[in-house]
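Dear colleague,

Please read them alongside the model.

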Amino acid sequence: GSLNINTHPSSQKLEEEFHKNNLYKENITFTDFEVIALIGQGNTSNIYLATYQDDYVALKVIDKAYIFENDMIDNIILEKNILSSFTEENYLCHMKFFFMTNTKICFVLPFYPGGDLYSFLESKGPFDDSITAFYGVQVAHMLSFLHSKNIVYRDLKLENLMLDENGYLVLIDFGSCKIIEEKTELQCSFDGSIDYMAPEVISGEGHGMMADWWSYGVLMYELLCGKPPFHEGSTDRILDLITTSNVRFSSKIKASSVTRDFINKLLKKSPKERIGQNEFNQITTHHFFQST
């Protein structure tokens, strides 16, 4: 409505934060890109496939007015800082560069031609133990790396994992991340995907890194079974099952006892009992990875 973006109190904070990063490009605008298609849509942003100097890129376009109105300025600065700190090594999407217009913030990101893991699972899955382990190791790597930087990811789901040109996974979308100091609990709600929410997130009792390992357990189950473990009926029903029900494996799924043990240990209701306390090593030394 009547919001003047450029005189908004948050505008200066945004300008200062963005200008002090060496990936900020001053003289770039939308006309430097050829937009091909809209490939993703979120509450805060649209993502386009575009070309820039003969390179395919993903252009994440964020509306400043939305950010200001919803008091998300710190989130967007954190997301920018996280993306800017990554290189290509860690299975994580990284920032090529970014720029701003009067009304928009634009992140220029790599384009991953393999599409997302959700679509891949829909067309090819469910997967057997060895393919699930192949993807599982990569995701464990991503989460452990983020946790080592005190970042809790909080929105793990198939849609946020893209396949690169070599068939490896890349994690995208760091908009739900929070930085928490080691071992302290984080007290806050979040709107991640219902199916992947850990019990301690639902109860609001505070959550930390272990909430990510719960979501990881949901993801592994989904790769093996084709749907999340507590996916049934209404939202309330799903939340109720997550907090009270044990994991069930359909008789159609040939999950070995080792596989079941692994998933059950990831999906322990109490974060203190959940596997993943020692991050990557505790996950990957489980017999599930040894036996596949």
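In what order do the five strands of the open sheet stand? The order is 1-2-3-5-4, with antiparallel pairing, where strands (E, at least two residues) and helices (H or I, at least four) are DSSP runs numbered from the N terminus, and two strands pair if DSSP finds at least two bridges between them. Strand 1 (34–41) and strand 4 (97–100) each have a single partner strand and stand at the edges, so one side of each is left without a neighbour in the sheet. From one strand to the next, the twist averages 25°, angles being taken from 0 to 180 degrees between N-to-C directions of lines fitted to C-alpha atoms, for helices over the stretch in contact.

This is a predicted model, in which local features need pLDDT of at least 70 and side-chain atom pairs count only at pLDDT 80 or more, while totals for chains, interfaces and linings use all residues. Residues are numbered from 1 along each chain as its sequence is written, and side-chain values use heavy atoms, with hydrogens and water left out.

Strand 3 (residues 55–63) and strand 5 (residues 104–110) run antiparallel and are joined by seven bridges, with V57 opposite P110 in strand 5. Helix 3 (residues 73–85) packs on the sheet and touches strand 3, strand 4 and strand 5, contact meaning heavy atoms within 4.5 Å.

Just after helix 7, G226 takes a positive phi of about 90°.

Best regards
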